[in-house]
Amino acid sequence: LAFGTQYAYPAYASSTALLKDKVSEKDLAQWVVFWIVCTSFAFLEQNVLYAVADYLPLYWELKALAFLWLVHPDYLGALWLWHRKLKAIHAKFDVDVYPTVLQALGPLGKAAEPEAAELATESDAKKAM
């Protein structure tokens with residue numbers, strides 16, 4: 001059950017969402033945040049929680065419920081995490097780090113600049129509405 005909620009259903013749902021002709025911003029945020037949380041939890045589980053998992057009652061059931069909340073279409077927990085908790089934190093680092101990343105990319109960063117400027121303009125227009 002835990003494997004299905006952590007890997008099987010999310011793999012199917014994210015691949016169908018991302019293989020559409022036009023991927024919605026909601027789907028993209030949901031699945032990118034989910035896979036980041038999933039891989040971070042898998043790393044934590046393999047390196048730290050392995051000692052606790054056998055002794056904590058209902059560990060596997062609680063894990064399955066947490067991942068079910070993250071992926072269930074009615075709840076979209078990963079999307080909630082992004083919009084309510086992580087987006088504001090990420091925005092601060094994005095302003096500071098993004099120009100440095102573009103500079104480090106060299107010619108590839110220059111190719112991304114017009115697209116980034118266009119996205120920023122669209123974002124500002126949406127905020128003004």
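Okay, let's start with the kink: α2 bends by about 60°, and the bend is centred on N47. Keep in mind that this is a predicted model.

If α2 were straight, its 29 residues would span 42 Å at 1.5 Å a residue. Between its end C-alpha atoms, though, α2 spans only 36 Å.

Let me step back to the whole chain for a moment.

Which of its residues are buried? The list is D27, A29, Q30, W31, V33, F34, C38, A42, E45, L49 and A53. Residues three or four places apart in an α-helix point the same way, because there are 3.6 residues a turn. And what do the buried residues of α2 pack against? That would be α1, α3 (59-71) and α4 (77-105).

Last stop, the second largest pocket. Its volume is about 170 Å³. The elements giving two or more residues to its lining are α1 (2-18) and α2 (25-53). Among the lining residues you'll find Y9, A13, K20, K26, D27, Q30, W31, V71 and P73. By type, the lining divides into seven nonpolar, two polar and three charged residues. Notice that D27, Q30 and W31 turn up here and were also on the buried list for α2.

Conventions. Residues are numbered from 1 along each chain as its sequence is written. This is a predicted model: local features need pLDDT of at least 70, side-chain atom pairs count only at pLDDT 80 or more; totals for chains, interfaces and linings use all residues. Side-chain values use heavy atoms; hydrogens and water are left out. On a 1 Å grid over the protein atoms alone, a cavity is a set of points where a 1.4 Å probe fits but cannot get out, and a pocket is an open set with protein on both sides within 12 Å along at least five of seven lines; lining residues have an atom within 4 Å of a point. Grid points are joined across faces, edges and corners, and a volume is the space filled by probe spheres set on the points. Helices (H or I, at least four residues) and strands (E, at least two) are DSSP runs, numbered from the N terminus. Ala, Val, Leu, Ile, Met, Phe, Trp, Tyr, Cys and Pro count as nonpolar, Asp, Glu, Lys and Arg as charged, and the others, Gly among them, as polar. The expected span of a helix is 1.5 Å times one less than its number of residues. The bend at a residue is the angle between axes fitted to the seven residues ending there and the seven starting there. Buried means under 20% relative accessible area, exposed over 50%, partly exposed in between (1.4 Å probe, protein chains only). Contact means heavy atoms within 4.5 Å.
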